[in-house]
Amino acid sequence: MAFNFDQWIDRRHSDSVKWHKYGDRDVLPLWVADTDFRSPDCIISALQQRIAHGVFGYGDTPHELINIVIQRMAERYDWQVEAEWLVFLPGIVSGLNLCVRAFTAAGEGTIAPTPIYPPFRQAAKLAGRSQLNLQMRLEQGRWLMDLEAAAPQMRGSEKLLMLCNPQNPGGTVYRREELEAQLAFAQRHQLIVCSDEIHCDLLLEPGVQHIPFASLSEDAARRSVTLISPSKTFNIAGLGASLAIIPDRELRQRFNQQRKGIVPDVDILALVAATAAWRDGQPWLDAQLHYLRENRNQLVARVNAIEGLSMVAPEGTYLGWIDAGKLAVASPAIWFEQHGLGFSPGRDFGDDAFVRFNFGCTRATLHEALSRMERAVSTL
């Protein structure tokens, strides 16, 4: 089956947050993590069928979706998940915030890598919790967290380790031994682990496999919350279908207690979309991954050919983390915006010398963006 990821869909006049940000200015939006690809027909057809029913009252989570999640975890990761472990959420960010509030108290803190997806940092701030940020280091072309540097900085009040795998913005897909080191760290310091694995299906490096943190061992499962969603994979983030997998009953109760009266149930159409995505969307996903790999390869080659810029090839996600620290500009993100490129500012992730480039776009958009980068840097 052929899928056309080169198809241009005009989002400037839709409800797109991504494309509205710059108004009528000639700025390519390459920031927030949604793609410019039409979602697979299987999702669109399922939504149309549900809408044709015409009644949109309160709905239960479909048993089919629960069974699909259980089967998916077993087949992909050899992880035996039980239905009662699943807590459906209207977004991963709500899961991050619930974890901070459920598993830390006033005066206690969190640990997270830096740079990191901004809601990790915001979740601690919003809850009034401290956060110890562990610097990611570049090692043999991969961004890794420096766990050894953590111990001297810890105060003993840290209760929650917040992980992101595949890592956003660095694109690292952690190997088993790296995850086991994270588990040993959590055991040594008696930490609960929140693992954001929303990009787990977006693996670009051949031979690399995603391993859920909770699947490492019974202890890993007992001390962890795993957050997953089809939203990034199938470009349905606006529908808000996500879930937390929480094997431990006490952790699950604490998580749900924080949710009560604040975080709503998942929209019935979002549940329809998630079911169709995970049930029927694999052929589309396979084609998208092929397209994204080529986008990634072209991005890495051309960025590294520009004097003053550098990046490593992300193993997962559709996000490029570009080091612009050698450019003679005060703020790379602001400077690139003045040259028609709307990147995510590195400062939001913890390092203002970088920008994040969303390459989940058509090949034509990618080429135009790279040409603008080359022209902009040539003016310095």
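Visitor: Which ring does the charged end of K21 sit over?
Guide: In this predicted model, the charged end of K21 sits over the ring of W31, 4.3 Å from its centre, where sitting over a ring requires NZ of Lys or CZ of Arg within 6 Å of the ring centre and within 35 degrees of the ring normal. Local features need pLDDT of at least 70 and side-chain atom pairs count only at pLDDT 80 or more, while totals for chains, interfaces and linings use all residues. Residues are numbered from 1 along each chain as its sequence is written, and side-chain values use heavy atoms, with hydrogens and water left out.

Visitor: And what about R363, which ring is under its charged end?
Guide: That is the ring of Y291, with the charged end of R363 4.1 Å from its centre; Y291 also belongs to an aromatic cluster with F5, F37, F234 and W284.

Visitor: How many aromatic pairs are there?
Guide: The structure holds 13, a pair being rings of Phe, Tyr and Trp (its six-membered ring) with centres within 6.5 Å, called stacked if the planes are under 30 degrees apart, edge-to-face if over 60 and tilted for the rest.

Visitor: Switching to T35, is it buried or exposed?
Guide: T35 counts as buried because its relative accessibility is 0%, given that buried means under 20% relative accessible area, exposed over 50% and partly exposed in between, using a 1.4 Å probe and protein chains only.
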